Amino acid sequence: MRFTSLAPLLLCLAIAPLARAADAPAIDNAPGPLLRDGSLPLIPAPAHVERLDGAPFKVEASTPVWARGDAATRVARQFSTLLRDSGGPTLPVKNGNGKNGVNFVLDTALKTGAEGYQLRSNGDGVTVAAATEAGLFYGAATLSQLFTSNTDGALQALRIDDAPRFSWRGLMLDSARHFQSLDEIKQVLDAMAAHKLNTFHWHLTDDQGWRMEIKRYPKLTEVGSCRIPAGDGGRDPATGAPRPYCGFYTQQQIREVIAYAAALHIQVIPEIDVPGHATAAIAAYPELGVLDTPLQPLSEWGVFPNLFNTEESTFTFLENVLEEVIALFPSSYVHVGGDEAVKDQWIASARVQQRMRELGASDEMQMQSHLIKRLETFLEQHDRRLIGWDEILEGGLPPQATVMSWRGTEGGLKAASEGHDVVMSPVTDMYMDYLQTSSPNEPPGRPLLTTLARTYAFEPVPATLAADKKHHILGLQANMFTEHTRSYARLQHNLFPRLAAVAETGWSPVQQRDFRDFLARLPAQLQRYRAWGLAYAQTPFEVAVEHQDDRRAGSVRVSLANPLGYEVRYRTDGQPVTADSTLYKTPLQATVPVTVHAAAFFNGKPLAAAPSVAAFTAQSLLTRRDDELLTCPGPGQLLLRLEDDGPADGARAVFNVNIFNPCWRWADADLTGIRTLKVRAGRIPYYFQLAHDEPQRKFEAARRAHGEMKVRRGDCTGPALAEVPLPAQVGADGFVTLEAALPKQAAGKGDLCISFTGDTRPAMWVLDEVTLAR
């Protein structure tokens, strides 16, 4: 069976047991704009909503938007634009105050705080008031949602008093691994602002690319902003010549982004990563590195060993870079990274060890701490504050430094307890490059699931943090690293709708956060996404399909579920699935051939762009794609969802690969009457640098020049039932079909394991499809 969807997403992911997420409740499809306890379909949920008696106010194309003064007028115009772009009418903006319209009032005497606002609505109109322009803007965002919440523009009489829980509500975007255009970044900023997020952390330097123009050091972008993609992706398909992947932002472009963000009340925080993630900088200026070996930016992912050296000249270089950064970015914060700095080169370098003695650093951690303190002093002298990943705690930290806790919340707890300000961004909950469902339509990424429910459930303030230290938790941040995010479509898929959950956690009071209620409000937000042209992820709104088959009886048992618990309706007669189709309650028992069409619904409307389609035939029961296979048990598990290296342009195949143990498992395979096993296998580049984790990759010894494919039963560790020599080359399409004759003792049911032997780096074998033949 090949699971398919009409949604334009790439395929493949190891099948997980089918069930609605345990923390995703079933959703009632109750009509009406009011939800739990009178809440409104707003994201993030306001702090306080009071429903009032009185007539509703209906917005129409002629409804005036009133404002006095430059700041209020700017917000009024932004509101008119946002309402139009969200599917509402384009309203005229007028100077002054008036009835029967929308009024934006900036009143510094109001006690709404730095970002809070008041909203009042009755039959005569709506008034949004705030003490600051930022607060007025967030009130405008709320009003735009109210007018586009499937209420035909009618707004009931109500009172909203709202302000954010946290001052830091952020998104980190990695532009170093894969590069985004200015227009793409602006669309992300627009969406952030509409979600009331206020901090854009811009990851501009890494091993794979230096993306910011530094006029004093032009080679940083001349050399450091280009790399050759691995495999076929790095060659011109017509000539075979190298085709570099390049991109950087000029200082003028950076100013443009900063100004655009400022108009949306978003601060832009630059990150210049030290002392690790430095390969691109060292490639441009080799004197900055520890080794004499020339470097170049590579299209490899993981943890590189290359560090900046500890010379005074290198410290001066970093300060000179920061000087230009400070001149560009008005934010009070500058991020200096500090993460994943593997110290092997420092340990092995006699010169670094001598420098450590000169500086009084007792070990490499203290050497990194010395560098961080040096940069912190420099930034403080320029009226800036240093922020870094939680590794900067190691070896000691200046009291003014702020910690971004990514390796869980423990680093944040420690930092806050010591009196440091903290931003919580744990990898387990806030990393948007992790997959959000177990759907085979998820794009490449790291298969640890960070579901919408998990992101929503994250609480930034640890329960064990002392009450007098809780104010040090500034807020939270989602992190979008882009190793596997080659396109803007994938970026949007990864960010949305999970960024809506991040926004609600950052803004709404704890008592207002309710995941079931959030899911009831989410469909209205999806409609706005569609109006914005935002390609949000379809996978949380699809129907997941799992089956158990009896091949000899020619029957299947099909289970359906939506990952978020929305109702599922289906048909098996080939007709379109509608809100009137059969409601799924229990698994379907069917004789093949049968095709199941299924879709998730809320209030009678489908949530995904297209239904899920699963076709079962006698032949499909003999075939499994890699996304339907499991990893093999035992030590060595690093499952990645990897993209093929070609074609150079366009869609590519995606594979699930355990790079520490290249072995795939067909659970409970019935080999009765099966004589031959056919495996379609391919080779893709091995493009990982894993530092101290690299020795965990184990290779089964090869007996032939190019290794073997081995077939086993049971726990995947016993003697091979069959083995096939691997070829020196694959076909022109990058694949080869391997056939293994199975012995009679293989008959019956049991796990079927397929593995490849030998260390074939710089390439590795991947499995695409397994077929049983009689």
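Reader: Is Gly408 buried or exposed?
Author: Gly408 is found in the loop between strand E21 (402-405) and helix H11 (410-417); helices (H or I, at least four residues) and strands (E, at least two) are DSSP runs, numbered from the N terminus. The relative accessible area of Gly408 is 14%, and the cut-offs are under 20% for buried, over 50% for exposed and partly exposed in between (1.4 Å probe, protein chains only). Gly408 is therefore buried.

Reader: Before we go on, which atoms do the side-chain values use?
Author: This is a predicted model, where local features need pLDDT of at least 70 and side-chain atom pairs count only at pLDDT 80 or more, while totals for chains, interfaces and linings use all residues. Residues are numbered from 1 along each chain as its sequence is written, and, with hydrogens and water left out, side-chain values use heavy atoms.

Reader: Thanks! Which residues does Gly408 touch, not counting those up to four places away in sequence?
Author: A contact means heavy atoms within 4.5 Å. Leaving aside residues up to four places away in sequence, Gly408 touches Pro426 and Val427.

Reader: How many strands close into a barrel?
Author: Two strands pair if DSSP finds at least two bridges between them, and the pairing in the barrel is parallel. The order is E11-E12-E17-E19-E20-E21-E22-E23. Neighbouring strands are turned by 30° against each other on average, direction ignored. The number of strands in the barrel is 8.

Reader: Let me zoom in on strands E12 and E17: which residue in E17 is the bridge partner of His203?
Author: Strand E12 (residues 199-203) and strand E17 (residues 267-274) run parallel and are joined by 5 bridges. In E17, the partner of His203 is Glu271.

Reader: At about what angle to E12 does helix H3 run?
Author: Angles run from 0 to 180 degrees between N-to-C directions, and axes are lines fitted to C-alpha atoms, for helices over the stretch in contact. H3 lies across strand E11 (168-174) and E12, and its angle to E12 is about 150°.

Reader: How far apart are the axes of H3 and H14?
Author: Two packed helices are described by the angle between their axes and the distance between the axes. Helix H3 (residues 182-194) and helix H14 (residues 488-495) pack at about 15°, so they are roughly parallel (under 35 degrees; over 145 is roughly antiparallel, 65 to 115 roughly perpendicular and the rest oblique). Their axes are apart by 11 Å.

Reader: Which residues in H14 meet H3?
Author: On the H3 side, the contact has Glu184, Gln187 and Val188. On the H14 side stand Tyr488, Leu491, Gln492 and Leu495.

Reader: How many residues of that contact are nonpolar?
Author: Ala, Val, Leu, Ile, Met, Phe, Trp, Tyr, Cys and Pro count as nonpolar, Asp, Glu, Lys and Arg as charged, and the others, Gly among them, as polar. The contact of H3 with H14 has 1 charged and 2 polar residues, and its nonpolar residues number 4.

Reader: Now for the open sheet: why is one side of E2 and of E5 left without a neighbour?
Author: The open sheet has 7 strands with mixed pairing, in the order E2-E10-E7-E8-E6-E4-E5. Strands E2 (48-51) and E5 (93-95) stand at its edges, so one side of each lacks a neighbour, because each has a single partner strand.

Reader: Which peptide bond has an omega of about 5°?
Author: Most residues other than glycine have a negative phi, and most peptide bonds are trans. The place of Pro647 is in the loop between strand E34 (639-643) and strand E35 (654-658). The bond with omega of about 5° is a cis one, joining Gly646 and Pro647.

Reader: Lastly, what is the phi of Lys196?
Author: Lys196 lies in the loop between H3 and E12. At 1% relative accessibility, Lys196 counts as buried. Although Lys196 is not a glycine, its phi is positive, at about 65°.
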